[in-house]
Amino acid sequence: MKDWPDTFDLAVVGGGNAALCAAITAAEAGASVLILEGAPVPYRGGNSRHTRNFRCMHKQPMFPLTGSYDEDEYLDDLMLVTKGRTDEGLARLAIRSSEECLPWMQAHGVRFQPSLSGTLSLSRTNAFFLGGGKALVNAYYNTAADLGIKIAYEAQVRHVHREADRITHLEVEIAGHPVTVKARAFVLASGGFQADLDWLARAWGPAARNFLIRGTPYNRGVVLRDMLDQGAESVGDPTQCHAVAIDGRAPKYDGGIVTRLDCVPFSIVLNRDGDRFYDEGEDVWPKRYAIWGRLVAAQPDQVGYALIDAKSIDLFMPSVFPPVKSDTIEGLAVQMGLDPQATRRTVDTFNAACRPGPFHSTTLDGLRTEGLNVPKTNWARPLDTAPFYGYQLRPGVTFTYLGLKVDARAQVHSAEGPIQNLWAAGEIMAGSILGQGYLAGFGMTIGTVFGRIAGKEAATHVA
Amino acid sequence: MSLDLSPMDEARRQIEICNACRYCEGFCSVFPAMTRQKAFADGDLTQLANLCHNCRGCYYACQYTAPHEFALNIPAVLAEVRVESWERLARPQAVARLFQTHGVAMAGLLVIVLAWFFWALTAFRPEAGAGFYAHLGHNTLVAIFVPAFLTPLALIALSVRDYWREVGGGRVRLSHIVSAFGSAARMKNLSGGHGEGCNFEKGDRFSDRRRVFHQLMMYGFLLCFASTASGTVMHYALGWEAPYPLFSLPKLLGLPGGLMMVVGAAGLMWLKLKADPALGAARVWGGEMAFVLLLGVVALTGLGLYAATGTALVGPMLAVHLATVMVLFLLMPFSKMVHGFFRLAALIAEAGKPAPAGGGE
């Protein structure tokens, strides 16, 4: 901190993709920039660490994307998942700008690769980072360092000090020491609040304490709360979070991609009482995995149990922990903490409702049960081939929807109008565009597009 | 890395986590190969370990390195398994074990003993003979070096055969060999998947230095080998005996080859000093360093011998050069030298396996 100027042109709160895009853009326009990253070096990058691709509009094939993906198709995909809960103007801005982001990302050190195995369905729409999100974060930090951007780690911003329509300074705790950071412009890119279980519990109910947080433990929403308390305009449902069903043995925080389970379509899923509660074969997994977090969250104790037999164990991506295994259904039930009689009854009822027919693991095969209250409408095969396998499922929170409302210049507003020197980018404002659901790779698009806009606007403001 | 597990079991723990992520698929051959299975037998892990070139790209890109509780360090654990596989498969085991505990001392002592031996041999030098053959008869040299070269090669061949069985290598086709040599010729697995190199000595920044220095060493060594081979052909087939003039095949191949080896060795040692030892097999760091040094000394004494032409230094220089060359050959089955053979075997075995299918998501 000794070589810091008294006042920076721009202070960026956060150290993930959006923060880095803003900082790099502003520094290249000539601004002196400080990045305040709340995490220590090994955990820098927020949830960007866990990402792996960037959804990108493109008119013709451009490495690593195949075919074309135009604005309307992209918007349709977004409308489908958000059920219309989006700001179409901002959404179109993000989509249109994504195309020029791809070469920009490459010019700033990000490397891409053809889509990963198991994700061929995304090769046209999503550009995969070589090495994943942490490699992207590393590349941006190196670029930032080369540009002379100052980076403070373990820098927890406690308060954003506002006077009338301007921000004057930040109260920060850097590695435990209080520091006042003065700057002429500010970009907030410090993510959502999903790692604050108390906040989640207030919004969702006490059940939220049983949720696992898939990403960084550092997104506690301190800055978001502070801004909302100061009357910043908000957007997005404050009670909702995006959650998927993940391996119940995952770490409480930061389990990331490996904790996902793709076994549901080939399983029967029981609740704590040994009953099935939803059609496991409703649609192909990429279209259904996002609803299972919510489904499991609604069950007693927020837990589910996926049971599979030997016929189906190799039909999905490997799990991070080996499944529980037994030669009998009862044995499996006991090992998983389920009542063996109830489990046996549910399996027998399910097996009796299965009908013969062709099974196709990769397409909707229409192999459905008959006569069940909770049917399974595809891939319904009896669990009859030992050994039997089981996975415990828990809701894993990916992100929260509540955020700061921004305009097309990424500027933050209060009830009295725009705050003159404050912009926001990334998850903290993503609710402006993503009101509900999720579209793979779109978080990184929002972060990159609005990070660059915020950086450009802030640099222009101080020039 | 867990201290409670053997390197093989620790590798299994880490690879099973790794295989559920797959973000690193584009870096090298290890990750696509990994996607073929869900469960990993010892042979599978040995094969992955020998495919790994320790570029370290996956370590810096990994979300799960310590302090994360998964504590992945794939480059280090694969290096451990790799080194262990070479030690396990080396023969004769008695010598291999001695080398594992006292390798550097063994090499040093052998160089000294052999240098004295060659020096002593010059007492029996022939009356006729020009250049260094004036010091040591050609037939004596051949009688010593042919077995000293062929015996270690034969031992390595046996080790590689065992490797092939352990990893379940299939029937070898010409295309597999072409593919493997193509990878080695370009050091494709040190390119980082984007052609900008690896993360060996500059942390999370990419650098091509290791690839460049390795290739200087490898091609330098091959040129020196070709130089010796061409000398042999000229000697026996054409009846043209050393010393050879500057514009002759042995010199035109050997001089640049020797220079490349010296630069390569110096570069590789420099990089090894800069690189983080915790991302490799820390246990054999010293031995690996000594091996690179030995290669450098072989080349340096060879060049020195040429520079000393016509002076009184030829005798002692010849003795030292021959001693280092001989030690390099004799210790080949136990030293880092085997990495070339095992890596090629791993690349050929990989080329012969079905293309990785990947899972569904």
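I began with the contacts of chain B, counting two residues as in contact if their C-beta atoms, placed from the backbone, lie within 7 Å, and found that residues 24 or more positions apart account for 73% of those with a separation of 6 or more.

I note that this is a predicted model, in which local features need pLDDT of at least 70, side-chain atom pairs count only at pLDDT 80 or more, and totals for chains, interfaces and linings use all residues. Residues are numbered from 1 along each chain as its sequence is written, while chains are lettered from A and ligands numbered from 1 in the order in which they are written.

I looked up the secondary structure next, taken as DSSP runs numbered from the N terminus (helices: H or I, at least four residues; strands: E, at least two), and chain B has 13 helices and zero strands. The radius of gyration of chain B, over C-alpha atoms, is 22 Å, close to the 21 Å of the globule rule for 361 residues, so chain B is as compact as a globular protein of that length; the rule is 2.2 Å times the number of residues to the power 0.38.

I then turned to the domains, whose bounds come from an automatic or database domain assignment: in chain B these are domain 1 (7–85) and domain 2 (92–351). The C-alpha centres of domain 1 and domain 2 of chain B lie 29 Å apart, and 23 residues of domain 1 are in contact with 22 residues of domain 2. On the side of domain 1 of chain B that touches domain 2, α3 (42–51), α4 (57–61) and α5 (74–89) each supply at least two residues.
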